[in-house]
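Have the sequence and the 3D view ready as you read.

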Amino acid sequence: KGPEFPGGEEGLSRWLKENLKYPDVARRMGVEGNVVIEFVIGEDGKTSDIKVLESLHRLCDNEAVRLVESMPAWSPAEEKGVKIPMKYTLTVPFVL
């Protein structure tokens, strides 16, 4: 089975909305869109190897990385009952 954020997809969406800090400069410039981030969820549920796959604006990219770094631990992926690291791709929306 794949990794799961506490509370599932709904929990992840809610957590992103509650924790995203829209960069002031990007807000004033009217920057809107998505940052696509790839990261690894380890056997311990922690995130690592964070990469920006689709950039929006440097400040938004940095905020998306900060969000992933500050996430609570996930339930890690499992294969045949063994916890394994797995890559995960996440779209972080920046909507004014």
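What follows goes from the overall layout to some individual contacts.

## Ground rules

This is a predicted model, in which local features need pLDDT of at least 70 and side-chain atom pairs count only at pLDDT 80 or more, while totals for chains, interfaces and linings use all residues. Residues are numbered from 1 along each chain as its sequence is written, and side-chain values use heavy atoms, with hydrogens and water left out.

## The big picture

The protein has three helices and five strands. Here, helices (H or I, at least four residues) and strands (E, at least two) are DSSP runs, numbered from the N terminus. Reading from the N terminus on, the order is α-α-β-β-α-β-β-β. The C-alpha trace spans about 50 × 20 × 15 Å along its principal axes.

Of the 96 residues, 39% are buried. Buried means under 20% relative accessible area, exposed means over 50%, and partly exposed is in between (1.4 Å probe, protein chains only). As for contacts (heavy atoms within 4.5 Å), take those with a separation of 6 or more: residues 24 or more positions apart account for 73% of them.

Start with the length of helix 1.

Which residues of helix 1 are buried? They are Gly8, Gly11, Leu12, Trp15 and Leu16. These cover an arc of only 135° around the axis, so they sit on the same side of helix 1. That arc is taken from the directions from the helix axis to the C-beta atoms. Helix 3 and strand 5 are among the parts that cover these buried residues. On the face turned away from the buried side, helix 1 carries the exposed residues Glu9, Glu10 and Lys17.

## A hairpin

Strand 1 (residues 33-41) and strand 2 (residues 47-54) pair in the antiparallel sense over five bridges. To count as a pair, two strands need at least two bridges between them in DSSP. One spot to look at is valine 36, which stands opposite glutamate 54 in strand 2.

The two strands, strand 1 and strand 2, form a hairpin with five residues between them. In the turn, glycine 45 has a positive phi of about 85°.

## Salt bridges

How many salt bridges does the structure hold? There are three, where a salt bridge is a side-chain nitrogen of Lys or Arg within 4 Å of a carboxyl oxygen of Asp or Glu. One joins glutamate 10 and arginine 14, at 3.7 Å from N to O. These two are four residues apart in helix 1 (residues 8-19), so about one helical turn separates them. Glutamate 10 is exposed at 60% relative accessibility, while arginine 14 is partly exposed at 42%.

Another links glutamate 38 with lysine 87, with the closest N and O atoms 3.8 Å apart. Glutamate 38 is in strand 1 and lysine 87 is in strand 5 (residues 86-94), so this pair ties together parts that are 49 residues apart in sequence. Glutamate 38 is buried at 15% relative accessibility, whereas lysine 87 is exposed at 54%.

## Glutamate 63 in helix 3

The side chains of arginine 66 and glutamate 63 also meet in a salt bridge, at 2.8 Å from N to O. They are three residues apart in helix 3 (residues 58-69), so about one helical turn lies between them. Arginine 66 is partly exposed at 28% relative accessibility, but glutamate 63 is buried, with a relative accessible area of 7%.

What does glutamate 63 touch, leaving aside its neighbours within four places in sequence? It is in contact with Asn19, Leu20, Lys21, Pro23 and Phe94.

## Aromatic rings

The structure holds six aromatic pairs. Rings of Phe, Tyr and Trp (its six-membered ring) pair if their centres lie within 6.5 Å; planes under 30 degrees apart count as stacked, over 60 as edge-to-face and the rest as tilted. In one of the pairs, tyrosine 22 and phenylalanine 94 have ring centres 5.5 Å apart and planes at 85°, so the pair is edge-to-face. Tyrosine 22 lies in the loop between helix 1 and helix 2 (24-29) and phenylalanine 94 in strand 5, so the pair ties together parts that are 72 residues apart in sequence. Both tyrosine 22 and phenylalanine 94 are buried.

There is also an aromatic cluster, formed by Phe5, Trp15, Phe39, Trp74 and Tyr88.
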